[in-house]
Amino acid sequence: MSARIHPDILSLVGETPVVKINRLAPEGVHMYVKLESQNPMASVKDRLALAVIEDAERRGVLKPGQTVVEATSGNTGIALAMVCASKGYPFVAVMIETFSVERRKIMKFLGAKVVLTPKELKGTGMVQKAEQLAKENGWFQTKQFANPANPAYHRQTTGPEILRAFAGKRLDYFVAGWGTGGTLTGVSSILRVARPEVKIVAAEPAKAPLLAGGTFAGHAIQGWAPDFIPDVLDRDSYDELVHIQDEDAIATSKLLAQKEGIFTGISGGAAFNGALQVAHKAPKGSHVLVILADTAERYLSTALFADISSDGDDL
C-alpha cells in the first residue's frame, strides 16, 4: 500500500497482495493466495460493490440520494454499505436468516438496514424479495447476480493485478469458488487471452454441485453457490471443477490460520482445499494461485469457531 493520502476509502479497493504458501503446499508444487481480505471491508465483494454503483452512476440510472437494495449473503451487503455510506446513498440489504450475525451487525454499523428472508426460500427467495422492494419503493437494485459490471470490474482490476504479480513468472493453475461468478468469469477472460497456458479451476460445494449438473442442498460455505446459476457466470470460463465438503472447508481454513498465519473464512478454506486437490495432482514444479475471498472474522458465530473456547487455557 502506497504511503500517500487517499481521497476516500473507495480508493483503497483492489491491489490486494499475492502471498506464497510455505508450509501447506505439496512437495515440489508452489502455491500462492490472493488475499481479498485486504480490501477496506475485508472481502472481494468490495470490488463488485464499487463496480455496480459507479457503473449505475455513469449510466444515470442511480439518482442522488436514491436508496440502493440488494440480496446478499453478507459480504456484498457489507461492501455496498461501505460504498453507499461513502457516496451518500441509503442502503437496504436482503439476507437469508441463517447467514452469520456478524454480517448483519456490520452492515447496520455502516448505516444499512437489513431485511431477513426465511431459509426455506433459499437464495431465490432473497433475490425475489429485493426485486419486490425495489419495484414497490422505486429503489435501485444492483442485481449482483446478473449485472455485467460485476465481471467487467474483475477484467479491469483483479485479472490485470494477477498478470502483474506473475509477470515473467510461471503460473499453471488459477482456482476460485463461485457465488455470483463475477470473479471467476472476469479473471478467466483475462487469463484466457494473456496466459492461455493457465488452467482455470472452479470450486463449488459438494452439497450444491450445480455446475456439475447436480442439485442444490443447504451448505456451510456462505457466499458460494446459491440455489441457481447466476447470469453473469460464464459456463465456458473454467477447465475443471472441484468439489468441497463443508467439513473440509472448515478444517482447511483452520489449517491456513495455524500453519501459515493466514486468516480466512469458510469460503477461503473451501477455495484453498480445492487448490490443494489440484496441487496434489499437478506435475512437480507447478504454480497454483487461489483467491481467498474474505476474513475469518465474518464467521465468529458459525461452525468455523464452534470449537474455539473464549476461556483461558491451562498451560
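**Spaces, sheets and helices**

Reader: Which helix supplies the largest share of the lining of the largest pocket?

Author: The largest share of that lining amounts to 3 residues and comes from H4. This is a predicted model, in which local features need pLDDT of at least 70 and side-chain atom pairs count only at pLDDT 80 or more, whereas totals for chains, interfaces and linings use all residues. Residues are numbered from 1 along each chain as its sequence is written, and side-chain values use heavy atoms, without hydrogens or water. Helices (DSSP runs of H or I, at least four residues) and strands (E, at least two) are numbered from the N terminus, and the helix you asked for, residues 122-137, is H4.

Reader: What is the volume of the largest pocket?

Author: A pocket here is an open set of points on a 1 Å grid over the protein atoms alone, with protein on both sides within 12 Å along at least five of seven lines, whereas in a cavity a 1.4 Å probe fits but cannot get out; lining residues have an atom within 4 Å of a point. The largest pocket is lined by 31 residues, of which Ile96, Phe99, His219, Gln222 and Trp224 are closest to its centre, and H2 and H4 each supply at least two residues of the lining. With grid points joined across faces, edges and corners, and volume taken as the space filled by probe spheres set on the points, the value is about 530 Å³.

Reader: How much space lies in the largest cavity?

Author: The count comes to 1 cavity of 30 Å³ or more. Its lining has 21 residues, and Val44, Lys45, Gly177, Trp224 and Ala293 are the closest to the centre. S7, H7 and H9 (266-281) each supply at least two lining residues, with the largest share, 3 residues, coming from H7. The space in this cavity is about 240 Å³.

Reader: Which strands stand at the edges of the sheet of 6 strands?

Author: This open sheet has mixed pairing and runs in the order S1-S2-S10-S7-S8-S9, where two strands pair if DSSP finds at least two bridges between them. Its twist averages 25° from one strand to the next. Two of its strands have a single partner each, so one side of each is left without a neighbour in the sheet; these are S1 (18-21) and S9 (240-244).

Reader: Which residue of S10 is the bridge partner of Tyr173?

Author: S7 (residues 173-177) and S10 (residues 287-292) run parallel and are joined by 3 bridges. H7 (residues 182-194) lies across S7, S8 (199-205) and S10 and runs at about 170° to S8; such angles run from 0 to 180 degrees between N-to-C directions of axes fitted to C-alpha atoms, for helices over the stretch in contact. The partner of Tyr173 is Val288.

Reader: Which residue stands opposite Lys113 of S5?

Author: S5 belongs to an open sheet of 4 strands with parallel pairing, ordered S5-S4-S3-S6. S5 (113-117) and S6 (140-141) have a single partner strand each, so one side of each lacks a neighbour in the sheet. S4 (residues 91-96) pairs with S5 over 5 bridges, and opposite Lys113 stands Val92.

Reader: How far apart are the axes of H2 and H3?

Author: H2 lies across S3 (68-71) and S4, at about 175° to S4. The contact of H2 with H3 (contact means heavy atoms within 4.5 Å) is made by Asn75, Gly77, Ile78 and Ala81 of H2 and by Arg103, Ile106 and Met107 of H3. H2 (residues 75-87) and H3 (residues 101-109) pack at an angle of about 10°, and the distance between their axes is 9 Å.
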